[in-house]
Amino acid sequence: MESVVKRSLLAPMKTLQCCVSGDKQQASRSQGQRSKVTRVQDPRVLRSYEAELQKERKLREAMNAKKNAERAAMRAHFRRKYQLSQNAKDSAQLRAVGGKVFLSGDLARMVRPDAPEKDDGFNLIRAFQGLKFSGPMFTGSKHSRADKTTNEEPCRVIRRTDAQDTLLFSSSQCSVCEISIGSMFSSCAGSVCARPHLCVRASVCVRPLHQSSRSAGAARLFQEIPDTGSNGWMNLLRFWRDGRFSRMHKHMEESFRRLGPIYREHLGSQSSVNIMLPMDTGELFRSEGLHPRRMTLQPWATHRETRRHSKGVFLKNGTEWRADRLLLNREVMVSSSVHRFLPLLDEVAQDFCRSLRRRVQADGFEKAGQHTLTLDPSPDLFRFALEASCHVLYGERIGLFSSCPSDESERFISAVERMLATTPPLLYLPPRLLLRLRASLWTTHATAWDDIFSHAEQRIQRSYQRLQARPSAAPDCSFPGVLGKLMEAGQLSLELIRANITELMAGGVDTTAVPLQFALFELARNPDVQECVRAQVLSSWQQASGDPLKALQGAPLLKGTIKETLRLYPVGITVQRYPVRDIVLQNYHVPAGTLVQVCLYPLGRSAEVFSRPECFDPSRWSADADAGSAGGFRSLAFGFGSRQCVGRRIAENEMQLLLMHILRTFKLTVSSTEELSTKYTLILQPECPPRITFSTLTHQH
């Protein structure tokens, strides 16, 4: 403007100078050139005027762009809310203003109806606090990706206590949710904010001002937990199409790797929050309440209801569950009961090893007095588990180590395998609908349970008749089995006893035999570990003088071997709870009553929890090593607390005793040390059972 004024006054000043000095020639020359000078100055004035018009035009365009961006932000919000498709035009309009949009009070209340009412009081300092005038709206500069990279700003909220209904949409990277949102719509579809912002579908952070004063550690919304897909039925179809039910454990591991240490899963009618870290597990178990609940296996419950069978503690909840569980604990969990049935398990384990030794000597080849035989031990391990379970539960042997095992026992093992294989798909479908449709999947499942109950009923009747025939005046001092002890106590009805014994039998075969397969395989492919455990076993057995309890107490590496096996190959891949109060996991709010699953397969193989997780190292569970670890909740294969596996003591001692006698009798080797491929059929098991070479030791222990 100063230059324009100078140019406008230049000619008059020259004329005045000529008049004062008397230089008429100069004056006339100035007069003659006035029109010419004026003509020369006009383009400059026009250019200045055009520059002013250009500024005004840019200001109008900025205002229009702002209004268009406000509308685009609102449309994007409602598209996300109603799950509509994205729009490229809205993305361009938001980009035109650098992604920063301030919504007025009315629009803000449409997005956040719970926002506080605006205070109409005006404060000049507060009104301008936090404003930044370097943006494209004020400078007219074009938005560039390079500028965004060099001057990256977090989501910013104007700190106005009297205008708390203002919302800020920012297209730069948000320092709170850590989502790069410069790409607008293209990167938003699968993104999940990590703070309780409103996040429109255009990957634009939306944060109400009244939340800006929230402390940094405030919990985020439950809906913001990352998920694998919000449509449970579409997820279920994809699972079936891709055959992912048998690889559920791998799916969980990949989901944690992709989404972080917590995510939501929707499959059919089931929804859950999945976690894996011990700190979150501890918080979950602290909120389980007096009557812990886990996910009900609805296919099992439907079978009981349709067949009019009573339910055992596995399918019960509440006070009824607790009353029955306390009575069962006396017979299967407390130390006195373990001392009673431990000799029975030891007897079966020693018989198994003698039977296997005879087979190796008969069918194997001999070299230097050592007999060697390579075989798949899984059928023998299943028979061992069934024989041991029957001996403890019913107090009788069923003779499965003979050369010709009974057809009844083979049918039972087959029924358990069919039941386990058909359970996972039925968990996410309504069983009663399948029952009405007479679906083959449900029919196979129900028939398998019928065979299991038939086997248990026959054993229960024999045990009952044996107890009735025993003279009361001269009671037999031998252990009558868990069934006999429950009948003698008389505190559970016969129906409830049958229900619980059947569940123990069904859950005590595969869940013991399969971990033994993995344990033998890991010992065979880790010869140094095998020799270390064997040395401890031989020393302990010699000092115990044949007492199985003392022998186990003197060989802690046996228990470490079982724990290490279950760390790498957990039988059940999840432990579930419904918290009785609201909790915070990974800074996300999780409401009471939400199904939360601790995923054991990713936990056991996490480098955040275990050092060298790929190594098979039973010594990591020793007292000294465990004391120096990151805390508890790392070994959860049998669950935790009052709702842990009711057959835990039977299974733990059964597996330890068998490994002890196998290591006393055989050296184990495998031809390949490659990792075993696994599949999930309600329990984790190898896709192909490993073939193991058993070589008799040259000296008798």
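## Coiled-coil region

UniProt, in an unreviewed entry, lists residues 46-75 as a "coiled-coil region". The model here is predicted. Over residues 46-75 the chain is 100% helix and 0% strand.

## Sheet β5-β6-β12-β9

Four strands make up an open sheet with the order β5-β6-β12-β9, and the pairing is mixed. The edge strands are β5 (262-267) and β9 (574-577), each of which pairs on one side only. From one strand to the next, the twist averages 30°.

β9 pairs with strand β12 (residues 596-599) in the antiparallel sense, over four bridges. Within that pairing, threonine 574 stands opposite cysteine 599 in β12.

## Sheet β7-β8-β16-β13

Another open sheet of four strands runs in the order β7-β8-β16-β13, with antiparallel pairing. β7 (365-367) and β13 (666-669) stand at its edges. Each has a single partner strand, so one side of each is left without a neighbour in the sheet. The twist from one strand to the next averages 25°.

β7 and strand β8 (residues 370-375) pair over three bridges, in the antiparallel sense. Phenylalanine 365 stands opposite threonine 372 in β8.

## Helix α12

Helix α12 spans residues 298-307. Its buried residues are Pro299, Trp300, Ala301, Thr302, His303 and Arg304. These buried residues pack against four helices: α16 (407-426), α17 (431-437), α18 (440-469) and α20 (494-507). Arginine 308 follows α12, and its phi is positive, near 60°.

## Phenylalanine 479

Phenylalanine 479 lies in the loop between α18 and α19 (481-489). Is phenylalanine 479 buried or exposed? Its relative accessibility is 15%, so phenylalanine 479 counts as buried, because the cut-off for buried is under 20%.

Leaving out residues up to four places away in sequence, phenylalanine 479 touches Arg340, Phe341, Leu344, Val392, Gly395 and Lys485. Leucine 344 is 135 residues away along the chain, yet its C-alpha atom and that of phenylalanine 479 are separated by 8.7 Å.

## Cysteine 645

An unreviewed UniProt entry gives the annotation "binding site" for Cys645. Cysteine 645 sits in the loop between α26 (623-627) and α27 (648-665). At 32% relative accessibility, cysteine 645 counts as partly exposed. Apart from neighbours within four places in sequence, cysteine 645 is in contact with Arg325, Met333 and Phe638.

## Cavities

Rolling a probe the size of a water molecule over the atoms shows where empty space is left. The structure holds five cavities of 30 Å³ or more.

Which residues line the second largest cavity? They are Lys563, Leu566, Arg567, Pro570, Leu600, Leu603, Gly604, Trp621, Arg634, Ser635, Leu636 and Ala637. The elements that give two or more residues to this lining are α24 (556-568) and α25 (600-604).

Notes: Residues numbered from 1 in each chain as written. Predicted model: local features only at pLDDT ≥ 70, side-chain atom pairs only at ≥ 80, totals over all residues. Heavy atoms only, no water. Buried < 20%, exposed > 50% of the residue type's maximum accessible area, 1.4 Å probe, protein only. Contact = heavy atoms within 4.5 Å. UniProt positions renumbered as here; feature names shortened; annotations may be inferred. Pairing = 2+ DSSP bridges. Axes fitted to C-alpha atoms, helices over the stretch in contact; angles between N-to-C directions. 1 Å grid on protein atoms, 1.4 Å probe; cavity = no way out; pocket = protein on both sides within 12 Å on 5 of 7 lines; lining within 4 Å. Points joined across faces, edges and corners; volume = space filled by probe spheres on them.
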